[in-house]
Amino acid sequence: MMDTGTARAALATAARIVVKVGSNLVATPEGAFNRALLAGVVGEIAGLVGDGREVLLVTSGAVRIGLAKMGLLGGPKPDLSVRQAAAAVGQVELMTCYNALFAERGCLVGQLLLTGDDITDRARYLHIRNTLLPLLRRHQVVPVINENDSVSVEGVQIGENDRLAALIAGKVQCDLLISLCDVEGFYTGDPTRDPDARLISEVEVITPALEKMAGGSSSGVGRGGMRAKLTAAKIATRMGAHAVMAPGRHPGIIGRVLAGEAVGTLFTARTAARPGARKQWLGFAAAARGLLTVDAGAARALVERGSSLLPVGVRGVEGDFRAGDVVAVADAQGKEIARGLVNYSADEMRRIAGQHTGQIEQILGYHPYDEAVHRDNLIVL
């Protein structure tokens, strides 16, 4: 176990960093680009790039800025079509302002707009890395990344930029994800409602109890909130990066995080061994087509021993999937513990669930695999 001081000190060596800035920081309440605040953030990022570090910026704000420019901010909660239109308008303003701020500091920026399909599709997911790494390594360009809300539709949205930032951090093997938000960090409760809520300085393991403390977004425009930020931290730390939820309105906050100051909430990386790109995609990017519920013995074998999942340990099958699809694996309490590529279709799995390997051929008439999900095609979450 790493003590707080040691864990914080380790942040100083972060060579590749994702900085995520939320809507409430990017845009003023009136929907204007918050130049006063973001000039400081951009200045810090430019300084890091000048020192030889690689920094990616994940930004929200296009929808809010667009709504303001269209005269719709403050009205009824926007539906999907209005959000799409506002994003198209706001993204132009957003990049214009970022480009100007970075140019003032001698930094070149590039824009990357992503949809859910870019994340869930295996080939597109790989191409993201192929685009970003040359920008960072060879050209010292700061990628400015956002979800392409103007073409995203329900069902294939990434969901929120907190998750996008975590996926990017894993995809390009970042050392640190800094999520700048409009609160001091992660609290035991909502500090605006609970006078006894306290700031948590460091989290080593994100437990179910901690997840219950998180809430959703209170904004009618943003889609994040504490729950989204906690999920992002869980993804980032599982993929080998530290994550810090920090107060974005504090001057010099990025430098203070890197200096090891006890600001915000630090979520320490779970393991020094990063999952490979394929398993990262399986666990956090791909869309699960079904769910296998397993018994306690199978759950222990998966989590503690890294075993394959055999049909005998499967107690429930949900969804309509084919052999080779991604499925989620949950324990008897319904907690998702793993994801992987299933060797059998949903109909086949329902027929062989709970059965020993030697009975598969008798039941199906064929026996291509012993495992429901082989450990080489599975990641424990």
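**Strand pairing and helix packing in a predicted model**

Strands β1 and β5 (residues 176-181) run parallel and are joined by five bridges. Helices (H or I, at least four residues) and strands (E, at least two) are DSSP runs, numbered from the N terminus, and two strands pair if DSSP finds at least two bridges between them. This is a predicted model, in which local features need pLDDT of at least 70, side-chain atom pairs count only at pLDDT 80 or more, and totals for chains, interfaces and linings use all residues. Residues are numbered from 1 along each chain as its sequence is written, and side-chain values use heavy atoms, with hydrogens and water left out.

Within the pairing with β5, Lys-20 has Ser-179 as its bridge partner. Strand β1 also runs parallel to β2 (residues 54-59), to which six bridges join it; here Ile-17 stands opposite Val-55. Strand β1 spans residues 16-21, and six of its six residues are buried, where buried means under 20% relative accessible area and exposed over 50%, with partly exposed in between (1.4 Å probe, protein chains only). Arg-16, Val-18 and Lys-20 point one way from the strand, while Ile-17, Val-19 and Val-21 point the other way.

Next come two helices, α4 (residues 62-69) and α5 (residues 80-104), whose axes come within 6 Å and cross at roughly 95°. Axes are lines fitted to C-alpha atoms, for helices over the stretch in contact, and angles run from 0 to 180 degrees between N-to-C directions. The two helices are therefore roughly perpendicular to each other (65 to 115 degrees). Contact, meaning heavy atoms within 4.5 Å, involves residues including Ile-65 and Leu-67 of α4 and Val-89 and Leu-94 of α5.

Finally, helix α13 (residues 296-305) has Ala-298, Ala-299, Ala-301 and Leu-302 as its buried residues. These cover an arc of only 160° around the axis, which puts them on the same side of α13; the arc is that of the directions from the helix axis to the C-beta atoms. Glu-304 and Arg-305 are exposed on the face turned away from the buried side.

Technical notes: Angles under 35 degrees count as roughly parallel, over 145 as roughly antiparallel, 65 to 115 as roughly perpendicular and the rest as oblique.
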